[in-house]
Amino acid sequence: MSSIGSKLPRKAVVVGAGPVGCLAAMSLAKMGWSVDIYEGRPDMRLPSSKAAAQQRSINLAISARGLAAIQAIDPAAADRFLSTVIPMHGRMIHDAQGHQQSQPYDRDGQCINSIGRAFLNEDLLGEALAVPSIRAFFQHKVVAVDFDRKTMHVHDVEGGRDVNVSFDFCVGADGSYSIIRRQLMRVVRMNYQQEYIPHDYLELKMPAGPPKEPGGDPTFLLDPNHLHIWPRHTFMLIALPNKDKTFTCTVFAPTAEFDRLNSDEDVVRWFQANFPDALPLIGEEALLADFHRNPRSALMSIKAKPYHYRDRAVILGDSAHAMVPFYGQGLNCGLEDVRVLDILLRDAGVDPTIQTPDGQEDPRLARALATYSATRHEDLVAACELAMDNYVEMRHSVTTLGYRFRKALDNLLYSLNWEHVTAKDVTAPLRDKTFIDSPTGWLPLYTMVTFRPDISYSTAQRKFQRQSQILETTGWLGAGVAVGLAGITCVTLLRRLYARA
């Protein structure tokens, strides 16, 4: 180790080259750290890696939280992403008869954005590796970590050898099955909860449509500016648009429902009964090919605490809080982790050019990580719970009259706000401030979660719970008034009939 006062940058290792890991590397490099990224898989930019990635590609819906995080770390990158996305301004609900109903996300026309997982990941990786102080090592699998000695045991798959890597700070962004989280459990009294829900998902592909004129470009078979949902109470199909005019479709259903589809005839018959307008667009042959080729995957939720160990390590993204994908917040939440940590490290005055003698802690770094664990946990638990709740809304509630009534009342009360605040209004201050303390006015939950990155998940959840009580009371009052009016009408009619008699 260098002596105190040396201006050589300390070394941070980021495990995982996904979007969260790449943004974390960019954040640390911007502060002055020397950063090495270790990824167990091959370089995702290679053609062979792209072919494998096509087997797993739930499209990513990046919204204001994720964009605000990228904007805080690298504004130019955020602008480039926006030029490649497809905006989705609402849900398009497909009923069992094939009728469609648009449900806008926001009164001000704000949208979520469909972007291919591979493109986002490749682009962020390219942004990270363009920074001179960042290096990446692919096909290097972390085997074990000694956080006290600040060493990491890594297996070089391609070279067939094991190497020991020294570091000053370790960031685990290596996904739901994180090796860094497992290693942290050896030195931290971590409360950990992992839950598989009894539902699976399977991906399908809806092809592009024919050109409108000979020699023209392909077309979309569905409206590309909506997230399409076929809600069927206990299961659902969704479709997100791609730049090549195709749609990535995903079936979410109970495991037992999938288990009943034992033959090609069963699959086709099930789609004909439940998604009659989607089947001809996907095509029977393509449907069966995807059912045979694409893996059926499980869905799980992970909650953990704390997320750090001394001044040595922290876990971010799915490593710390894997969540089901039904609010589209997994990616956005992980990127937000980076933004929040970035602010806390800077607020604590962490200086990566000041070396710490062997065996001693960097008190500022330790304090920043402890603050991250203490303040971020409530938000991450809330995000996981909101994601699970939204599954019920997407596959069932959106079809009910009660939901539509509450939604209309929710939007009506929202429209009475004298101040219209959009994501653009709040993004710039988020480079230096985590969240506001108490948002004012009536705000729908979806607006708070998706379009207000200045409102934390836990604050949004608490405000929603208070507003729900008001909506429920209003609903009962409305029902009472309706019954009363109906009763008065009946009595009046009976009196008239009696008088005539």
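In the predicted model, six strands form an open sheet with mixed pairing, arranged in the order β8-β2-β1-β12-β19-β18. Strands β8 (134-138) and β18 (308-309) are the edges of this sheet, each pairing on one side only. The partner of β18 is strand β19 (residues 313-315), to which β18 is joined by two bridges; the two strands run antiparallel. Within this pairing, Tyr 309 stands opposite Ala 313 of β19.

Helix α13, spanning residues 363-395, lies across β12 (169-172), β18 and β19. The helix runs at about 25° to β19.

A further open sheet consists of three strands in the order β9-β10-β11, with antiparallel pairing. Its edge strands are β9 (140-146) and β11 (161-166), each of which pairs on one side only. From one strand to the next, the twist averages 25°. Strand β9 is connected to strand β10 (residues 151-156) by six bridges, and the two run antiparallel. His 140 has Asp 156 in β10 as its bridge partner.

Packing between helices was examined for α1 (residues 19-31) and α5 (residues 117-129). On the α1 side, the contact is made by Pro 19, Cys 22 and Met 26. These residues meet Leu 120, Asn 121, Leu 124, Leu 125, Glu 127 and Ala 128 of α5. By class, the residues of the contact of α1 with α5 comprise seven nonpolar, one polar and one charged.

At the level of the whole chain, the domain assignment gives three entries. Domain 1 is listed as 11-87 + 114-191 + 304-395, domain 2 as 196-297 and domain 3 as 401-482. Between the C-alpha centres of domain 1 and domain 3 the separation is 30 Å. The contact between these two domains involves 24 residues of domain 1 and 23 residues of domain 3.

How values were computed
Residues numbered from 1 in each chain as written. Predicted model: local features only at pLDDT ≥ 70, side-chain atom pairs only at ≥ 80, totals over all residues. Heavy atoms only, no water. Contact = heavy atoms within 4.5 Å. Helix = DSSP H or I, 4+ residues; strand = E, 2+ residues; numbered from the N terminus. Nonpolar A, V, L, I, M, F, W, Y, C, P; charged D, E, K, R; others polar. Pairing = 2+ DSSP bridges. Axes fitted to C-alpha atoms, helices over the stretch in contact; angles between N-to-C directions. Domains from an automatic or database assignment.
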